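Here are my notes on the model you sent over. Have the structure open while you read, and follow the points in order.

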Amino acid sequence: MKRIMMLVAMLIGLSACGFHPRGNYAIAESVGAIQVANNDTYSALTDDLQTAIDRANANKTGNGSGAAILKIQSERWTNNPLSIDELAQVREYITRYKVEFDLTAADGSVLLEKQSIELSREYTYDINVAIGNPAEQEVIQRELRRDMQAAIIRRIDILLRQKQ
């Protein structure tokens, strides 16, 4: 009984603060199918973004013929020192991920001009456990890529809704 009361109190508290689940990403149905294109055939973002767009129910026609093209113009990763200690050794890094893209309709008209999104993460570097740092960098890049695909879909959705 005590657990039920606590659960009810938490639910009331969450609803009072305006919290609600983000839900799925969506892209306006008027766009139709979207194909992701990238000059870099080995880009993990391209595959992940195509999967995310498919999940966002944007690909109603399926095969990609007559589809709008989401063109990834560029992807840039930078990793820079953020802080150093008294011995001039790097203690923190910042990883930045910048993607530029545009969206063209199946008929060739421009739906979205060139857009740019930049995300970053900071992390500490411990010289005593340097062996784990490449793995940490890989995790950070994977998370930034996931966040980037969500940001691109949100940007497309917001800008297309404003045009309607």
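How exposed is W77, going by its relative accessible area?

1. W77 has a relative accessible area of 31%, so it counts as partly exposed; that class lies between buried (under 20%) and exposed (over 50%), with a 1.4 Å probe and protein chains only. W77 sits in strand β2. From W77 to Y97 is 20 residues in sequence, but 4.8 Å in space, C-alpha to C-alpha.

2. A word on the ground rules. This is a predicted model, where local features need pLDDT of at least 70 and side-chain atom pairs count only at pLDDT 80 or more, while totals for chains, interfaces and linings use all residues. Residues are numbered from 1 along each chain as its sequence is written, and side-chain values use heavy atoms, with hydrogens and water left out.

3. On to the overall layout. The chain has three helices and four strands, in the order α-β-α-β-β-β-α. Both kinds of element are DSSP runs numbered from the N terminus: H or I with at least four residues for helices, E with at least two for strands. Of the 164 residues in the chain, 34% are buried.

4. Now the inside. The largest nonpolar core has 30 residues, and I27, L70, I152 and I156 touch the most other members. At least two core residues come from each of β1 (34-38), α2 (44-55), β2 (68-84), β3 (90-104), β4 (110-124) and α3 (133-163). The top contributor is α3, with eight residues. A core here is a set of buried Ala, Val, Leu, Ile, Met, Phe, Trp, Tyr and Cys residues joined through side-chain atoms within 4.5 Å.

5. What about charges? The whole structure has eight salt bridges, each being a side-chain nitrogen of Lys or Arg within 4 Å of a carboxyl oxygen of Asp or Glu. One of them joins R76 and E100 (3.6 Å, N to O). Because R76 is in strand β2 and E100 in strand β3, this pair ties together parts 24 residues apart in sequence. E100 is buried at 15% relative accessibility, and R76 is partly exposed at 39%.

6. E100 also forms a salt bridge with K114, with the closest N and O atoms 3.4 Å apart. That links strand β3 (E100) to strand β4 (K114), 14 residues apart. K114 is exposed, with a relative accessible area of 53%.

7. Elsewhere, salt bridges with shared partners join R76, K98, E100 and K114 into one network.
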